[in-house]
Amino acid sequence: MFVYLNNKLVLASEAKVSVFDHGFLYGDGIYETMRVYDGVVFMLDEHIQRLFRSASFIGLDIPKNISDIKIAIYETLQANKLTNAYVRLTVSRGEGPIGLDPDFCKEPTFVIMTNEFKSYPKSYYEDGIKLIIANVRRNLKEALNPQIKSLNFLNNILAKIEAKQADVYEAIMLNVEGFIAEGTIINIFFVKDGILCTPSLECGILDGITRALVIDLAVRNGIEVREGEFTKDELYNASEVFITNTTMEVMPVCRVDDKGFKVGEVSRLLLKKYRQEVTGYVYEKKGEHPSIWE
Ligand code: PDD
C-alpha cells in the first residue's frame, strides 16, 4: 500500500511524520474524507473547495493547487489499484519547534491515504442503526468554527466514547443552547409531519457535502425541508430519522436513546436518489476524462 506524503508516493510502512509536526503536537491541521466509486472520487471539487476553506480559516497555505491535488489523489488510487475506496487527505501545519506559533512551521505536511472501501452491513440500511444523545455538548461555534474540518477531534471523540459505552453506533451532540447539532462524523435529519428537518448551520455544525446534496434531492423530489433549531424531544417524536456523511450516504436510524423508529419512506427514497446521483456523477466524470479510467 502506498501513501502520498508531501510530493511523492511512499510505502505505507515508510510514511512517517515528525514528532515535531504541529498536527501531532497541537491538532493544528485540516482534513477531508472522500469516497471513490468505480474509480471516480465523488464530489471531488466540493471536497477540495472545503479543504481550501478550512485552510484559509486557519491561515494555512496548502502547498499545492487544485489540479495538483486531484492528480495526487488519482495517482495514489492508481498506485494502490483501488476503484472502490475512501480517501483521507490531511494537511498539517508541519514541523516546527514546541510552541503554538504557526509561523515557525515552514512547510505544511501533505498526506493522502487511501484504502479499500468496506461496505457497511446491508442490515444497517435495511433496519437502521442506533444512536444516543451524548452528554457532551458540541463545541461552541463562537469558540471553534465547525466549518473548519480540523484535526482537533477531541469533542467528537468524547461523544464517540459515550456511544461506545452505550453500545450504539453514533452519538448526537446538542449545542450549548440545547438544540440538536450533529454527530461525531455525521449530520442528522428527521421527518416530522412529512417535513424533512435538519439543524441549520447556525446550530454549530459542519456543512456536510452529503447534507447539502440530500437537501437538494429532497427539494427536487417535492419534499419540504426545514433547516432550523430543534430540541431532542422533536427528534424523539419524529416519524423517521437518518444520518448522512460521505461514506455512509443516507443511513436510517432505528433508535435514539429509548425511542424506536421504523425505516420510513423518506429515508428509503433519499437513499435511492442519492445512489442514483452517484451513478450519474460517475458516468459523467468518466465521459469527461476517459483517459484516466482506461
Ligand atoms: N466526517 N459532521 C462532522 C463533524 C463530520 O466530521 C462530517 C464528516 C460530517 C459529514 O460531512 P460530509 O457529508 O461532507 O462527509 C458532519 C467525515 C466523513 C470524517 O470525519 O471522516
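Predicted model: local features only at pLDDT ≥ 70, side-chain atom pairs only at ≥ 80, totals over all residues.
A ligand nitrogen lies 2.6 Å from a side-chain N or O atom of Glu182, and a ligand oxygen is 2.8 Å from a backbone N or O atom of Ile209. The protein buries 93% of the 470 Å² that the ligand exposes when taken alone (Shrake-Rupley method, 1.4 Å probe).

The shell around the ligand comprises 18 residues, with Tyr31, Thr33, Glu182, Thr210 and Thr246 the closest; a residue counts if one of its heavy atoms lies within 4 Å. By class, 6 of these residues are nonpolar, 8 polar and 4 charged, with Gly counted as polar and Tyr as nonpolar. Domain 1 (2-116) and domain 2 (122-279) each supply at least three shell residues, the bounds coming from an automatic or database domain assignment.

Local features require pLDDT of at least 70 and side-chain atom pairs pLDDT 80 or more, whereas totals for chains, interfaces and linings use all residues. Numbering starts from 1 along each chain as its sequence is written, and side-chain values use heavy atoms, without hydrogens and water.

Technical notes:
Polar contact = N/O pair within 3.5 Å; in protein donor to acceptor, adjacent residues only side chain to side chain.
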